[in-house]
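Let's take a walk through this model together, one spot at a time. Keep the viewer open and follow along as each residue comes up.

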Amino acid sequence: MLLQAAHLVSLQLSLSCSWAFSCHSTESSPDFSLPGDYLLAGLFPLHDDCLEARQRPVVTLCDRSHSFNSHSYHLFQAMRFATEEINNSTALLPNVTLGYQLYDVCSESANVYATLSILSMPGTHGIEIQGDPFHYSPTAVAMIGPDNTDHATTAAGLLSPFLVPLLLEQIRKVNFLLHEDTVTFDDNGDPLSGYDIIAWDWSGPEWTFQVIGSSTWSPVWLDINKTKIQWHGKDNQVPTSVCSSDCLEGHARVIVGGHHCCFKCVPCEAGTFLNKSDPHRCHPCGKEEWAPKRSQTCFPRTVVFLTWHEPVSWVLLAANTLLLVVVVGTAGLFAWHLDTPVVRSAGGKLCFLMLSSLAGGSCGLYGFFGEPTLPMCLLRQALSSLGLAIFLSCLTIRSFQLVFIFKFSAKQPTFYRAWVQHRGAGLFVVISSTAQLLICLTWLVVWTPLPTREYQHGPQLVVLDCAGAKSLGFTLTFLYNSLLSVSTFACSYLGKDLPENYNEAKCVTFSLLLNFVSWIAFFTTASVYQGKYLPAVNMLAALSCLSSGFSGYFLPKCYVILCRPELNSTEYFQASIQDYTRRCGST
């Protein structure tokens, strides 16, 4: 098992060496190395790392301007001084010369390069993996540094398979006097003698040192005089010794490095919360809940829909009710004047079908208010679409008949008699309306507009609406009504030169134009806005279509019946027809 682990480490280090040694071509300068019988390695960040966002791993050059680290330079010189003092002493390590190789580990890449250089065989850049790591002889026998936790973790991971520095053979034999104290080590390399604990004293004009405690190994004893410790704070208060301060509310602890006490505080995003029982990650809220940023709990979402008591609802309800009342009143007015020329020229009894379809479509619009239910979703859009289709079918065939009677009946008498004999007008209305009815039924069966709860319209809201408002079924009904509108416009335009009493090209064109503008406005709004008021926009578009159709066709006739009764006479209509005949004859 140990041999397999060694080979695995060999493969990892081989890849690391290939990267590190290919990226760094600089050797240690003479000021950074000292030859000796035993080499010590020192890793000090003499320059600060370059803090910038990177898209890929890069090798950082340490010798950069304005990045010098004076603290690490002091540690660097302290190691040089200590090594030279040991070599100059005849009592510390006689007949043994210590050397050193010092590296500037300003970044992670420089740290890896320095560690691999330490592990390489003397005089080479290669690392040889043997079955027994106790017999491996790297370039350095021990390492000092680095003082950065992340760099130290990386270095320890690379050094640990080679037991650098875990057990040195020579350290057990060391025995020397230092300031009249004997320095020796046991079989584990631990010192047998005690030591004093020294603290700086900066109370006087010059800094001095004073002993505040001591430690002994036999017996094991640690003594510290707390009253002699001078803390660098107000009223000599003891500073808090923690790696990271506690996070604020709603901030998760993201562990940095290998210690749980060292972490970064990351705020929880919107829609997540921090559970006090698990401070290390933010938990998502439930589907019916929401949470702002940096939250410790979730809140219920607010359920919204187009209610009956909102001001916008009052306006739409009043407009729709007014349209319904006017439609019913017009039906009564036409029934009272059924035998007059104006009503007969408008279509006679066909007008009641047109008014009934407008009234049915208007009734369907009440389904846009209140909390959506299945009956409301099934009827509100389909009923208004079907009512508009019946109205447009009647309007199309009425315009077609007027054009055919005035312009083509004399030229095609056989076709005209067959059209009248087989009730072509009624047959067209039935077929056209049935086609729209089948489209609506298919829409309701295949793409059923069920009540739904929408969660994407806002983090705090649940919007209740009917699904399928943009389904293929709705698109088909809209396209069919658009086709009928184009047909109505074409037939009305062909009759633009008919007698004035039969010419509604201007009014019908205006109505159809308003129809298209209403739906274009709705689809544009639906593409950029999804919220509780989208049903109001949908209803407004449908209400505009029904109102424009009624206003363009029936209001001029109501005006003649109520305000210009002299124009509602047989003589006036016959005079208009005769004038049209003379104009046609002269041309």
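Predicted model: local features only at pLDDT ≥ 70, side-chain atom pairs only at ≥ 80, totals over all residues.

**A guided tour of the model**

Asp104 has a relative accessible area of 16%, and because buried means under 20%, Asp104 counts as buried. What does its side chain meet there? The side chains of Asp104 and His47 are joined by a polar contact of 2.6 Å. Leaving aside residues up to four places away in sequence, Asp104 touches Phe44, Pro45, Leu46, His47, Cys62 and Ala110.

Asn95 has a phi near 65°, a positive value in a residue other than glycine. Is Asn95 buried or exposed? With 81% relative accessibility, Asn95 counts as exposed. A second residue to check for its backbone angle is Arg294, whose phi is near 60°, again positive in a residue other than glycine. Arg294 lies in the loop between β14 (289–290) and β15 (299–300). Its relative accessible area is 46%, so Arg294 is partly exposed.

Next, turn to the helices. Ser393 has its place in helix α8, residues 374–408. With a relative accessible area of 0%, Ser393 is buried. Which residues does Ser393 touch, not counting those up to four places away in sequence? They are Phe428, Val429, Ser432, Ser433 and Leu484. Look at Leu484 in particular: along the chain, Ser393 and Leu484 are 91 residues apart, yet a separation of 6.6 Å is found between their C-alpha atoms.

Leu484 takes us into helix α11, where Leu484 is one of the buried residues. Others buried in α11 include Phe474, Phe478, Tyr480, Asn481 and Cys491. Helix α11 runs over residues 472–494, and at 1.5 Å a residue its 23 residues should span 33 Å; the end C-alpha atoms are 33 Å apart, so expectation and model agree.

How many aromatic pairs does a search of the whole structure find? The search finds 19. One of them is formed by Trp519 and Phe522: the ring centres are 5.7 Å apart and the planes stand at 85°, and because planes over 60 degrees apart count as edge-to-face, this pair is edge-to-face. Both residues belong to helix α12 (residues 505–528), and being three residues apart there, they are separated by about one helical turn. An α-helix has 3.6 residues a turn, so residues three or four places apart point the same way. Trp519, at 8% relative accessibility, counts as buried, and Phe522 is buried too, at 4%. Ring pairs also tie residues into a cluster, whose members are Trp443, Phe474, Phe478, Trp519, Phe522 and Phe523.

Lys557 lies over the face of Tyr553, at 4.2 Å from the ring centre.

Finally, a word on confidence. The protein chain has a mean pLDDT of 80, and 82% of its residues reach 70 or more. Over residues 1–30 the pLDDT is below 50, while this stretch has 35 contacts in the model beyond near neighbours in sequence.

Technical notes: Residues numbered from 1 in each chain as written. Heavy atoms only, no water. Phe/Tyr/Trp six-rings, centres within 6.5 Å; stacked < 30°, edge-to-face > 60°. Helix = DSSP H or I, 4+ residues; strand = E, 2+ residues; numbered from the N terminus. Buried < 20%, exposed > 50% of the residue type's maximum accessible area, 1.4 Å probe, protein only. Lys NZ or Arg CZ within 6 Å of the ring centre and 35° of its normal. Expected span 1.5 Å × (residues − 1). pLDDT = per-residue confidence, 0-100. Contact = heavy atoms within 4.5 Å. Polar contact = N/O pair within 3.5 Å; in protein donor to acceptor, adjacent residues only side chain to side chain.
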